[in-house]
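Thanks for coming. I will take one model and go through a few of its parts in turn.

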Amino acid sequence: MTDIRHIRIEDYNYPLPDERIARHPLADRAACKLLLRDCRGGISEHVFSELPSLLPEDSMLVYNNTRVINARLRFRKGENNDGALIEIFCLEPDTPADYAVSFASTGRCSWKCFVGNSKRWKDGTLSMPLGIEGEAVTLNATRLGREGNASVVEFSWDNPAVTFSQIISAAGEIPIPPYLNRSTEATDSTDYQTVYSHIDGSVAAPTAGLHFTDEIMAEISHRGIPRRELTLHVGAGTFQPVKSDEIGEHEMHSEFIAVPVTLIRELASTTRRIIAVGTTSVRTLESLYHAGRLIATGQWDGEVPQWIPYESSSIPDIPVASALNAVADYAENQGIDTFMAQTRIIIAPGYTYKVVSGMVTNFHQPQSTLLLLVSAFTGGDWRPMYDFALSHAFRFLSYGDASLLL
């Protein structure tokens, strides 16, 4: 296999006029356009409400139930909160490191964060007055140090009956993608969440799921197509552009995944075609296979490395069912019912999909790792799809239109 590290990102560029970037979703989520790329590479235009009838009868739909948190906190320096604006962007919990435990924390917790206007906050504590359920609460933020390109920030507050989940719900705002070039609006608090989101942790939405409605979900079930959930908490790195000429110099961000053992067993034994909703679900499902390879060879350390899919000499490929059952066995031996890990997997042309047979996804930025993932799935034949979408007035990026790739 040609070393994918030498893939040049400039080969995955295309002209994206600014007016084709959707700044807001349609009022009716399911009224957006849907591009279908069938198993033979044929391309046709549909409406997203047709999705249930376009899914193969022997499908299983798997989607990401993560929920976007109000990750952007804006503090003002000074005793009267009238000084320099300091923006703190929460990335992932530090202490406690578990998402659920951190959100349930009372009194204090720390997170890895990006800090905007960092030069104006070299030391000292920032404070923000809040009102939560009719009570006054003061939120404080203190920088503890750095970890990589992020700062570790300790948050503390003076009401022990209040959880951190309540704190950020009251203090923060939904962090919409930077390429929308606008401020967060009140409608984003619902527009930028999927109808099935319920596990807090993401700083960006799994946007392919934004098109689904309760009615579409019910129709999929009515057709006898099983629907299953997993979790990948989307990090800010999802917006990180590939700045190097070759992708081998690009470092993938680490993301938290959680998959019920019952689902892993079902995936190992099913004969259904697995249709992943969004690239986050794709990355999670494919990461399970490579975690299984590592577990089976005694090399598992809790994270799926970036380049592990392309290293078969030291870690041989094994049957998909064997890999998935190895993951399930590992979790059960640990006495847990949900497999949790970190993944840095990069999926690019040359990758062989192991678990996923189809995906629902939006139209991605030029020269992005998400476009590489789509190219890998289509055997490098991504450009006709994007040319079709551009010439047929499709809307692009997070609030844009969708595609079903089989």
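**Leucine 390 and its surroundings**

Setting aside neighbours within four places in sequence, leucine 390 is in contact with Tyr14, Pro15, Leu16, Pro17, Arg20 and Phe396, where contact means heavy atoms within 4.5 Å. Before going further: this is a predicted model, in which local features need pLDDT of at least 70 and side-chain atom pairs count only at pLDDT 80 or more, while totals for chains, interfaces and linings use all residues. Residues are numbered from 1 along each chain as its sequence is written, and side-chain values use heavy atoms, with hydrogens and water left out.

Leucine 390 sits in helix 10, residues 383-391. Helices (H or I, at least four residues) and strands (E, at least two) are DSSP runs, numbered from the N terminus. Is leucine 390 buried or exposed? Leucine 390 is buried, at a relative accessible area of 18%; buried means under 20%, exposed over 50%, and partly exposed in between, with a 1.4 Å probe and protein chains only. From alanine 204, leucine 390 is 186 residues away in sequence and 25 Å away in space, C-alpha to C-alpha.

Nine of the nine residues of helix 9 are buried, among them Thr369, Ser375 and Phe377. Just after helix 9, glycine 379 has a positive phi of about 65°.

Seven of them make an open sheet, in the order 8-9-10-7-6-5-11, with antiparallel pairing. Two strands pair if DSSP finds at least two bridges between them. At the edges are strand 8 (125-132) and strand 11 (172-173), each pairing on one side only. Helix 3, residues 164-171, packs on this sheet and touches strand 5 (72-76), strand 7, strand 8, strand 9 (135-147), strand 10 and strand 11. The direction of helix 3 makes about 90° with that of strand 8; axes are lines fitted to C-alpha atoms, for helices over the stretch in contact, and angles run from 0 to 180 degrees between N-to-C directions.

How many bridges join strand 6 to strand 7? There are seven, and the two strands run antiparallel. In this pair, glutamate 92 stands opposite lysine 112 of strand 7. Strand 5 and strand 6 are joined by five bridges, and leucine 73 faces isoleucine 88 in strand 6. Strand 7 (108-116) and strand 10 (150-157) pair over six bridges, with cysteine 113 opposite serine 151 in strand 10.

In the loop between helix 2 (99-103) and strand 7 lies serine 105. Serine 105 is buried, at 10% relative accessible area. Not counting residues up to four places away in sequence, serine 105 touches Pro96, Trp157, Val162, Thr163 and Phe164.

**The largest pocket**

Last, the largest pocket, which holds about 740 Å³ of space. On a 1 Å grid over the protein atoms alone, a pocket is an open set of points where a 1.4 Å probe fits, with protein on both sides within 12 Å along at least five of seven lines; lining residues have an atom within 4 Å of a point. Grid points are joined across faces, edges and corners, and the volume is the space filled by probe spheres set on the points.

Of the 33 lining residues, Leu91, Phe114, Asn149, Gly237 and His253 are the closest to the centre. Strand 6 (85-95), strand 7 and strand 14 (255-260) each supply at least two residues of the lining.
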